[in-house]
Amino acid sequence: MDTRHLLYIVTIARKQNMTKAAEELFVSQSSLSQYLGKLEQELGVPLFERTRNKLLLTPAGERYVEAAHRILEIEKETYAEIQSLHNRSHITLGLTSQLCLRMLTAVIPAFKKEFPEATVEITEANVHVLAQQLLEENIDCAVMAVHDTSVFAREQVDVLGTEEILLAVPKNHPYCKRNPGDVVTWKDIRQELGKDSFLICKKGSTLREVTDQLFSSLHFDPSTICETNSIITTRAMVAMGIGITFIGKSCKQDEKKIHFYRMDPPLTRKFALVRRKNWVMHTPEKRLCEEIQKYFQRKSTKALMK
């Protein structure tokens with residue numbers, strides 16, 4: 001079943017721009033324009049209204065794109081059903097945080113042993129990119145560190161657990177001598193550590209969203225030395241005394257060089273398994289989701305025992 005040309009029109013409609021659509025589809029802009037012109041000539045009506053900056057769907061275009069979406073979904077479901085006959089599923093899975101990546105190394109070996117013909121294609125991105133891909137049904141599911149799941153329908157989301165966010169300070173920092181305990185108040189972050197350099201996550205990450213809200217509530221604009229989503233990098237820089245950072249409890253390491261403080265009031269983030277709306281799940285898909293849920297249940301149990 002070749003539905004590439006339907007995908008062409010759907011992508012143009014979504015991007016509202018011929019150049020951007022061609023880039024995403026890996027075809028030349030001239031080829032895409034020629035195909036659209038030929039199709040409109042064949043139909044006898046324009047599918048898009050050409051404005052100065054955008055390509056907007058006409059009423060005929062809206063009908064065409066609506067039908068194209070239905071056909072593409074039927075194709076996807078049919079392929080999934082055929083592949084499931086021999087457990088040859090192709091699952092596209094999005095991941096955000098370091099904990100999610102560690103989850104993958106624990107879950108995939110057993111899954112592949114049970115379903116050797118199944119393929120899991122991984123996409124690593126921030127929560128906003130993955131949320132958009134799920135809403136556009138470009139990936140099947142995602143395991144994400146999230147702050148808010150309201151953009152998804154309730155039946156799409158399984159909350160896997162909640163993680164406390166910690167403040168990581170170099171062990172040789174004067175504040176650690178004044179406060180050798182394991183709790184730091186929000187007031188102290190501004191008054192005692194306000195002149196320090198902060199290592200913060202890039203915009204779009206859940207950790208950045210949560211910490212930005214903290215800074216906003218403190219009416220505090222921190223001095224930032226760098227922005228990166230690499231936990232390994234920020235943790236190493238804190239250990240070297242370069243700055244301080246916020247970090248998920250699951251990423252707590254290097255305690256000989258880093259003092260980790262819980263915050264009062266506490267800051268947290270959620271981990272969630274989110275499925276695209278029309279995902280048809282067969283045995284391999286269901287088993288992968290079950291194993292992901294079991295992994296987080298085990299992590300939660302261990303955390304409670306500590």
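**Exercise 1.** Is F220 buried or exposed?

*Solution.* The model is predicted, so local features need pLDDT of at least 70 and side-chain atom pairs count only at pLDDT 80 or more, whereas totals for chains, interfaces and linings use all residues. Residues are numbered from 1 along each chain as its sequence is written, and side-chain values use heavy atoms, with hydrogens and water left out. Buried means under 20% relative accessible area, exposed over 50%, and partly exposed in between (1.4 Å probe, protein chains only). F220 has a relative accessibility of 13% and therefore counts as buried.

**Exercise 2.** Describe the aromatic pairs that involve F215.

*Solution.* Rings of Phe, Tyr and Trp (its six-membered ring) pair if their centres lie within 6.5 Å; planes under 30 degrees apart count as stacked, over 60 as edge-to-face and the rest as tilted.

1. The structure holds 10 aromatic pairs. In one of them, the ring centres of F198 and F215 are 5.5 Å apart and the planes stand at 85 degrees, so the pair is edge-to-face.
2. This pair joins distant parts of the chain, with F198 in strand β8 (residues 197–200) and F215 in helix α9 (residues 206–217), 17 residues apart. Helices (H or I, at least four residues) and strands (E, at least two) are DSSP runs, numbered from the N terminus.
3. F198 is buried, at a relative accessible area of 0%, and F215 is buried as well, at 5%.
4. For F215 and F220, the ring centres are 5.6 Å apart and the planes are at 80 degrees, so this pair is also edge-to-face.
5. Through ring pairs, F198, F215, F220 and F246 form a cluster.

**Exercise 3.** Determine how helices α1 and α3 pack.

*Solution.* Two packed helices are described by the angle between their axes and the distance between the axes. Axes are lines fitted to C-alpha atoms, for helices over the stretch in contact, and angles run from 0 to 180 degrees between N-to-C directions.

1. The axes of α1 (residues 4–15) and α3 (residues 29–43) come within 11 Å and cross at roughly 100 degrees.
2. The helices α1 and α3 are therefore roughly perpendicular. Angles under 35 degrees count as roughly parallel, over 145 as roughly antiparallel, 65 to 115 as roughly perpendicular and the rest as oblique.
3. In α1, H5, Y8, I9 and I12 meet L32, Y35, L36 and L39 of α3; contact means heavy atoms within 4.5 Å.
4. The residues of this contact comprise 7 nonpolar, 1 polar and no charged. Ala, Val, Leu, Ile, Met, Phe, Trp, Tyr, Cys and Pro count as nonpolar, Asp, Glu, Lys and Arg as charged, and the others, Gly among them, as polar.

**Exercise 4.** Which residues touch the most other members of the largest nonpolar core?

*Solution.* A nonpolar core is a set of buried Ala, Val, Leu, Ile, Met, Phe, Trp, Tyr and Cys residues joined through side-chain atoms within 4.5 Å.

1. The largest core has 24 residues, of which M103, V143, I292 and F296 touch the most other members.
2. Two or more residues come from each of β3 (90–95), α5 (98–114), β5 (141–146), β12 (267–275) and α11 (283–305). Helix α5 gives the most, with 7 residues.
3. Beyond four places in sequence, V143 touches residues including L93, M103, L160, I292 and F296.
4. A second, separate core of 22 residues includes I165, L207, F220 and M263.

**Exercise 5.** Characterise the setting of R235.

*Solution.* R235 lies in helix α10 (residues 231–239). Its relative accessibility is 9%, so R235 counts as buried. Leaving aside neighbours within four places in sequence, R235 is in contact with I247, C251, Q253, D254 and I258.
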